[in-house]
Structures are given as C-alpha cells and as structure tokens.
Amino acid sequence: MTEKKFEKLTAVKGMNDILPPESARWEWLEEKVRGLMARYAYRNIRTPIVEHTPLFVRGLGEVTDVVEKEMYSFEDRLNGEALTLRPENTAGVVRAVAEHSMLYDGGKRLYYMGPMFRHERPQRGRYRQFHQIGAEALGFPGPEVDAELILLAHHLWQALALKDVRLELNSLGQPPERQAHRVALIAYLEAHADQLDEDAKRRLHSNPLRILDTKNPAMKALVAGAPRLLDYLGEASLAHLNALRAILDANGVTYTINPRLVRGLDYYNLTVFEFITDSLGSQGTLCAGGRYDDLIAQIGGKAAPAVGWAFGVERVLELLKEQASIPEPLPWVYAIVPDAQAMPQVMRALNEVRRAGVSVQMHAGSADAWGSMKSQFKKADASGAQWALIFGADEMARGELTLKALRDGVGAQSTLPLTSLAAWASGLSPAAASPA
Ligand code: AMP
C-alpha cells in the first residue's frame, strides 16, 4: 500500500503561534496585568471576537485605515449577515455595555485581553492577528478618570521594569471646536495644495485631521505650520486638560504635549495620549487611548462619557525582550520511574505532591522504549527540576522512595516513607510553590 502524502499546512501569514518558552512570557505579563487591574478595581470583560460589521464602521469611522482597508469581513454563509473579526475591542465593549445596560447603577471600570485582527502588511511589531490588553472606564466624565487610566498604564510599565517609554498627550476638544479648527485646517492645506501627497489629497475633505498624523517626511514642514487644534479649545476643554495635567504632575508622570497627536480612529474627543518607545523602530507606539464620550450614543446606546486605552502585547513583550529576561517556570520535582509497572502507584504519590502546591514532571515512555535510569536522570537534569524522586521497585515494596538533590547540594540522597511524601512537599521552600 502506498502512503498518501499530504501537503504540509502552515499558519496564516501575519498570524503567529505562541509556543513555549515564549508563551511563559505571555502568561507572566497577563498575571501582572490581572494583579494590577484588581488594585485599581477594574474588572474583566470578555466580548465575542466576531461582531456585526456596522459596529466597527459606525464606531471607528468610515474614513479610517482600519475600516477602509484592514478589516477581515465576511458574509455569514447561513443568514447573509455582514460580520467582521474585531480589529479592536473598544467598540465591542461599548456595545456590550449598552446592550446589557451596565451603566444603570453607575460607572464601570473594565479590562480585556485578547486577539485582534487587521489586514496589514506584516512586519516587526505589526501582525494580522495581534493581541491587545485594554482598560475602559465608562460613565465617568471627569479628568480624574483619564488620569487614573494613565497612572494605571504608567504603574504597569514600572511593574514590568519597562524602560524608554514616554507619554505624549493632546486634547482633541469637543466637536464644535474641532469643526472650527477643521475649517481653518482645510483652508491652510488648500493654500498649500501643491505640497500634499496622494493620501493627504484624498483625506483633505473627508478626514483632514488625520493628515497631521502623516508619516511622510516630505510633509513634515507643512504639517508643523498647520493651525493647531489646541488653539481652538474653549474654556471647558482647556480646564479638562489642565486638571488632567495637574494630577499627572502631582504623581510624577512626565509627558509632552504633542499638538499633532490625533489618533487613527475617529471616536476620540478631549484627552488623547500615546505611550511611545524609540527602541522598537517604526512601530514604536506601545499603548494608545483617549476619551470617547460620543461613541456609546453613536452605536445606539444611551449617551455616556467614556475613556480607555489599549496596548499591544507583542510590542510590550518585544521591548521587554531587549531589556530583561523573564524566568521560565520549571518543574520543581522530576519523577524517575525505573519500571512502568509502578505507574499506578507512582501517579497517586505524585498527585499528593501536586496537591501540596509543587510542580512535578513525571517520566513517560517514548515510542520504542520505556527509558533507562541513565536516560531518565539526563531528562531530570535537563528539566531544570531541583529534586529527583526515584520510585525504584525494591524501595516501593518497602513503602519508600529515594530523594536526590539535583541542584543545591547536588547528589545528596535520602530515603523517605511514601506516606511522608505530602509532608515533605509541603515543607519545601516557598520558591517551590506553583500557582494552582
Ligand atoms: P490602536 O487600536 O490602533 O490604537 O492600537 C493600540 C495598540 O495596539 C498599538 O499601540 C499597538 O501597540 C497595538 N497594535 C495595533 N495594531 C497592531 C498590529 N497590527 N500588530 C501589532 N500590534 C498592533
């Protein structure tokens, strides 16, 4: 019989597998985030990865890169609905908050983690499936919550010992202020129409603010001379910005005001900010956010103020990789089992060690052999474990096992009654404890 050979399948371009040991770094980061969110009283929300396409078209704005060209949209084969893999999670959170009337008894502080999808050109720091961790505070109008969110992110960078991160801040004001600025901006850009690139020409009347965000060096000078939105802010908008600044100043958070910071999505008003690093090349924006007081009403909910941010997990981990190593979780104990016949009893004993909170890697046979003592000891050593537990047949017949130190005091050996194994495991140093 000839064996049929199948073509080898691979992951979709721009969508990455996250394998051990790298995945341990992800878990480590996620744990840090969960702990910190709890300290700021933010609670976890999980919304579907697939949403109705109009949520993003209406939420993010029609003339945005994401909606214009980056969404993974498809038609539901069964009922023809227009669906999209979420390119970000703020719209989904807002939809869920409105759908479940979550603000009926006051504001809510929420956070999420998960994959997002954008059809971009893959490169370092830019993927088609990437992961965001985000925090949103809904139902709070005041600058103190903008400040709380910025402090939370700042606290996280500190907890991760992340360096080379700076904060840029701006205010986009309110819609009438933006309108007045827009008129002046269009007039200015029209007067310099010969200097506009294709992208800018296309956006001149649809989304001129985004032209200020240009990455084209040839347009930098033009943009630098453009009317500044900051100069069009009224008293209330300025007061909001100044109150936020006062809190950041009092808390030692440094920032620069960047009048050209506008953000890629349409839903922002008042506060916008980005945490940026210069250590990651062109994809240097780690975390971005701002206030979006009109979004809930825009997707059909009862109007309520809101503010939030999201950071890219891949980018933060990439920056950490350049700066610090994160310890890989290793088993504390390796179980050496000379004879496969002993497995039922051995595994019962190992469960007691695990119930005592200690991580155990047990020997398992391979396709062609159970494995000699020598090869098992080699594997025990390679596992990084501190202790080998040796379940020899003779010892077990006497109700005992052998303990052998693999690191500190390497080679030291002693016997232990099987009935004392749980107590031995409970008495190990706190470093042995692994989270349940
Ligand atoms: P945004 O939703 O566009 O404001 O993005 C927020 C953050 O998500 C960015 O600052 C990045 O850290 C991250 N991010 C956005 N798009 C991508 C992508 N295609 N690949 C990796 N990270 C991304």
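Trainee: Which element gives the largest share of the shell around the ligand?

Mentor: This is a predicted model, in which local features need pLDDT of at least 70, side-chain atom pairs count only at pLDDT 80 or more, and totals for chains, interfaces and linings use all residues. Residues are numbered from 1 along each chain as its sequence is written, and side-chain values use heavy atoms, with hydrogens and water left out. The shell holds 15 residues, each with a heavy atom within 4 Å of the ligand. Strands are DSSP runs of E of at least two residues, and helices are runs of H or I of at least four, both numbered from the N terminus. The largest share, 4 residues, comes from β10.

Trainee: How far is the backbone N or O atom of T285 from an oxygen atom of the ligand?

Mentor: T285 is among the closest residues to the ligand, together with R118, E120, Y127 and R263. A polar contact is a pair of N or O atoms within 3.5 Å; within protein, one must be able to donate a hydrogen and the other to accept it, and residues adjacent in sequence count only if both atoms are side-chain atoms. The side chain of R118 places an N or O atom 2.8 Å from a ligand oxygen, and a polar side-chain atom of Q132 is 3.0 Å from a ligand oxygen. For the backbone atom of T285, the distance is 2.9 Å.

Trainee: What percentage of the area that the ligand exposes when taken alone does the protein bury?

Mentor: Accessible areas come from the Shrake-Rupley method with a 1.4 Å probe; for residues, only the protein chains shown count as cover. Taken alone, the ligand exposes 480 Å², and the buried part is 92%.

Trainee: Are α1 and α11 roughly parallel or roughly perpendicular?

Mentor: Helix α1 (residues 22-39) and helix α11 (residues 313-323) have axes 11 Å apart, at an angle of about 110 degrees. Axes are lines fitted to C-alpha atoms, for helices over the stretch in contact, and angles run from 0 to 180 degrees between N-to-C directions. Angles under 35 degrees count as roughly parallel, over 145 as roughly antiparallel, 65 to 115 as roughly perpendicular and the rest as oblique. The two helices, α1 and α11, are therefore roughly perpendicular.

Trainee: Where does S101 lie?

Mentor: S101 is not a glycine, although its phi is positive, at about 45 degrees. Its place is the loop between α4 (90-99) and β5 (108-117).
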